[in-house]
Amino acid sequence: MIISQNIIDDHNAKQMAKHKTLFDFAKNETEGVEKIIQRLIDFQVAIPSWALGTGGTRFGRFPGGGEPRSLEEKIEDVGLLHKLNKTSGAISLHIPWDIPTSPKEIQTLAAQHGLAFDAVNSNTFQDQPDQALTYKFGSLQNVNKAIRKQAIDHNIEVIKHGIDLGSKSLTVWLSDGSCFPGQLNFRKAFENTLESLQEIYAALPSDWKLFVEYKAFEPNFYSMTVGDWGQSHLYASKLGEKAFTLVDLGHHLPNANIEQIVSLLMMEGKLGGFHFNDSKYGDDDLTVGSINPYQLFLIFNELTHGTQPNNAPFELGSGFGWMIDASHNIKDPLEDLLQSVEAIMVAYAQSLLVDSKALEDARESNDVVKAQEIIQAAYRTDVRPIVAEARLRAGAALSPIGIFRDLKVRNVLIGERGLKTVATGL
Ligand SMILES: [Mn+2]
């Protein structure tokens with residue numbers, strides 16, 4: 001489904017008077033609003049190819065219909081999101097779920113929708129039908145060299161697909177680990193994994209990055225071989241300057257201080273990017289900002305005001321992997337993604353309101369109350385009109401979900417694709 005610019009402009013016109021009142025107020029209250037708006041316009045977050053269908057749990061799946069049946073339709077869905085918010089200008093592919101049959105044609109289609117290809121993702125956490133050896137006891141860590149080789153070859157294959165599409169990074173998430181005490185020699189598992197990653201790293205083009213994603217538990221429940229940011233950082237630093245740690249917000253144990261992790265990874269120049277989602281318990285893959293928007297804001301506060309080893313500011317969205325990694329059990333996937341992107345933009349905008357100089361002064365004088373006042377003043381500011389203004393100036397919709405519903409997009413997609421379609425993915 002293609003939404004024309006006229007339809008978006010007409011929709012915006014109907015809401016313009018109300019928006020103007022709200023934005024004028026926000027503008028008067030906000031110092032440097034023009035700079036903030038420009039940074040919001042420049043920021044893009046990738047949509048993964050596996051998040052466009054209904055997600056499920058191990059108990060069941062309740063698809064809502066009209067899901068994309070092919071990579072082409074997935075690109076059309078991301079294109080639709082990007083048309084509505086002008087912030088979803090990239091797609092991240094999962095191999096082998098989404099192998100392009102013709103990379104050139106897929107690239108052309110993506111370009112028509114204004115989309116770039118973000119990181120490519122390998123998959124050694126499940127067996128494929130035509131696969132010779134099983135990953136039941138791990139992939140890159142496996143005690144069997146032939147299995148490790150199969151997993152390495154798969155990752156190198158993924159890099160080749162990425163090169164064809166114009167991607168510049170590979171994200172490796174491993175489910176490797178053990179389910180029971182005694183099952184695994186931790187040290188050998190680490191060494192095997194490192195050796196395997198080194199072979200994959202050696203196959204990276206010179207301008208590529210390797211992101212090592214960690215996760216605290218599941219599907220292995222006793223130990224994970226890349227279980228936390230410390231282990232990921234160990235791999236990344238041993239691999240070399242093209243390797244980085246990737247932080248998935250849901251991949252921590254409850255109450256982990258993710259903003260502190262972010263700050264220290266930036267200090268080391270090893271923060272590669274994010275998988276955004278939210279959770280109440282652990283890897284719940286809920287809509288970004290739906291459970292703990294304050295944490296999201298605190299993370300953005302570190303991103304916006306922290307610096308890298310050479311004191312260079314962290315430039316959001318340039319060369320780093322920013323992606324939504326959520327699952328949609330009961331919501332329309334596209335509406336859910338629009339909500340996630342909005343939550344990211346709100347947190348980013350709020351972080352830009354923080355007076356970092358005043359905050360640092362408060363810290364240096366141990367003025368705890370002042371420090372809290374400063375960050376909470378930013379967090380409690382309603383920046384939604386500023387985010388909407390950024391969208392408006394970029395040619396997107398003032399209310400992406402409003403227009404999605406008014407146009408009955410899901411019904412149109414069901415009409416085009418059918419009610420019983422199932423997208424590949426989680
Ligand atoms: Mn992830």
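In this predicted model, Ala-349 touches Ile-36, Leu-40, Val-383, Ile-386 and Val-387, leaving aside residues up to four places away in sequence. Ala-349 is also, together with Ile-91 and Val-212, among the residues with the most contacts inside the largest nonpolar core, which has 109 residues. Helix α10, spanning residues 333-353, supplies the largest share of this core, namely 13 residues. In soluble globular proteins, nonpolar side chains tend to be buried together.

Helix α2 (residues 33-42) packs against helix α13 (residues 384-393) at an angle of about 60°, and their axes are 9 Å apart. Angles of 65 to 115 degrees count as roughly perpendicular and those under 35 degrees as roughly parallel; α2 and α13 are therefore oblique to each other. Their crossing is right-handed. From α2, the residues Val-33, Ile-36, Ile-37, Leu-40 and Ile-41 take part in the contact, and they meet Ile-386, Val-387, Glu-389, Ala-390 and Arg-393 of α13.

The sheet may be considered next. It is open and consists of six strands in the order β6-β7-β9-β11-β12-β13, with parallel pairing. At its edges lie β6 (120-121) and β13 (321-324), each of which pairs on one side only. Helix α5 (residues 145-165) packs on the sheet, where it touches β6 and β7 (169-173), and the direction of α5 makes about 145° with that of β7. Gly-273 stands opposite Gly-321 in β13.

Note on methods. Residues numbered from 1 in each chain as written. Predicted model: local features only at pLDDT ≥ 70, side-chain atom pairs only at ≥ 80, totals over all residues. Pairing = 2+ DSSP bridges. Helix = DSSP H or I, 4+ residues; strand = E, 2+ residues; numbered from the N terminus. Contact = placed C-beta atoms within 7 Å. Axes fitted to C-alpha atoms, helices over the stretch in contact; angles between N-to-C directions. Core = buried A, V, L, I, M, F, W, Y, C linked by C-beta atoms within 7 Å. Buried ≥ 20, exposed ≤ 12 C-beta atoms within 10 Å, placed from the backbone. Parallel < 35°, antiparallel > 145°, perpendicular 65-115°, else oblique. Left-handed = near helix turned anticlockwise from the far one by under 90°.
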